[in-house]
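Please look over the sequence and the model before reading on. The report below takes up a sheet and then single residues.

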Amino acid sequence: FNGPFMAIVDFGASLPTGSIDEKNKFNPARNYAYNFQNGSGTYDGIIGLTSLWIKPSYQFGSRLSADIRTGQTNDGYRLGNLYKLDAWLDYPLANGFTPRFVGYYKHKDAILGADSSEPRDANTEVYYHPEIDWQVAASLKYQHSFGSSFSLGGEFGGPLAQDCQNSDDVIVSTNYFANLFVSGRF
């Protein structure tokens with residue numbers, strides 16, 4: 001790239017390779033709820049835009065992405081589209097440490113249709129309404145490089161503000177978070 005700004009557009013597809021028929025072990029006639037299945041059951045489009053502003057003393061980035069659901073599953077439903085915005089502001093220090101501010105905003109559309117084995121009741125009603133979730137957090141990241149193609153690191157942080165909106169008004173709060181990561185190229 002030329003200068004301190006870079007933009008990356010990506011797109012792809014999600015194939016229906018994961019199962020959507022995992023059975024409830026306590027009631028084998030029913031499938032587990034939608035978010036307990038490991039697939040969407042549909043061919044889905046994925047699109048994203050990442051922008052980076054890189055300066056010697058700081059780095060700012062954001063990523064806007066969408067999972068666009070298509071078609072309908074064999075069980076008669078389609079998961080809602082998912083839209084997400086992530087943003088971060090990094091202040092790299094010496095020795096691999098980076099204090100950060102990170103945030104995300106996530107909007108998930110309501111499900112369309114219904115799994116015939118999963119009746120619409122108080123336990124599944126949340127899926128039939130849009131969901132919004134967001135958080136702004138501070139964290140400290142450490143990354144150590146081994147040569148030019150391999151690095152190992154971790155991040156620890158906690159939210160400064162967070163909220164979610166859904167049909168049952170349940171707020172799942174995060175007290176802190178931790179991530180470990182390995183990256184490399186070959």
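This is a predicted model: local features need pLDDT of at least 70, side-chain atom pairs count only at pLDDT 80 or more; totals for chains, interfaces and linings use all residues.

Residues are numbered from 1 along each chain as its sequence is written, and side-chain values use heavy atoms, with hydrogens and water left out.

An open sheet is formed by eight strands in the order β1-β4-β5-β7-β8-β10-β11-β12, with antiparallel pairing. Strands here are DSSP runs (E, at least two residues), numbered from the N terminus, and two of them pair if DSSP finds at least two bridges between them. At the edges are β1 (5–14) and β12 (177–184), each of which pairs on one side only. Strands of a sheet pair through backbone hydrogen bonds. Twelve bridges join β8 (residues 97–108) and β10 (residues 131–146) in the antiparallel sense. Thr98 has Lys141 in β10 as its bridge partner.

The table gives the accessibility of two residues.

| Residue | Relative accessible area | Class |
|---|---|---|
| Arg69 | 16% | buried (under 20%) |
| Asn95 | 65% | exposed (over 50%) |

Arg69 belongs to strand β5 (residues 59–69). Beyond its neighbours within four places in sequence, Arg69 has contacts (heavy atoms within 4.5 Å) that include Ser40, Asp44 and Gly80. A polar atom of the Arg69 side chain lies 3.4 Å from the backbone oxygen of Gly80.

Asn95 sits in the loop between β7 (82–90) and β8. Its phi is near 65 degrees, a positive value in a residue other than glycine. Most residues other than glycine have a negative phi.

Technical notes. Helices (H or I, at least four residues) and strands (E, at least two) are DSSP runs, numbered from the N terminus. Buried means under 20% relative accessible area, exposed over 50%, partly exposed in between (1.4 Å probe, protein chains only). A polar contact is a pair of N or O atoms within 3.5 Å; within protein, one must be able to donate a hydrogen and the other to accept it, and residues adjacent in sequence count only if both atoms are side-chain atoms.
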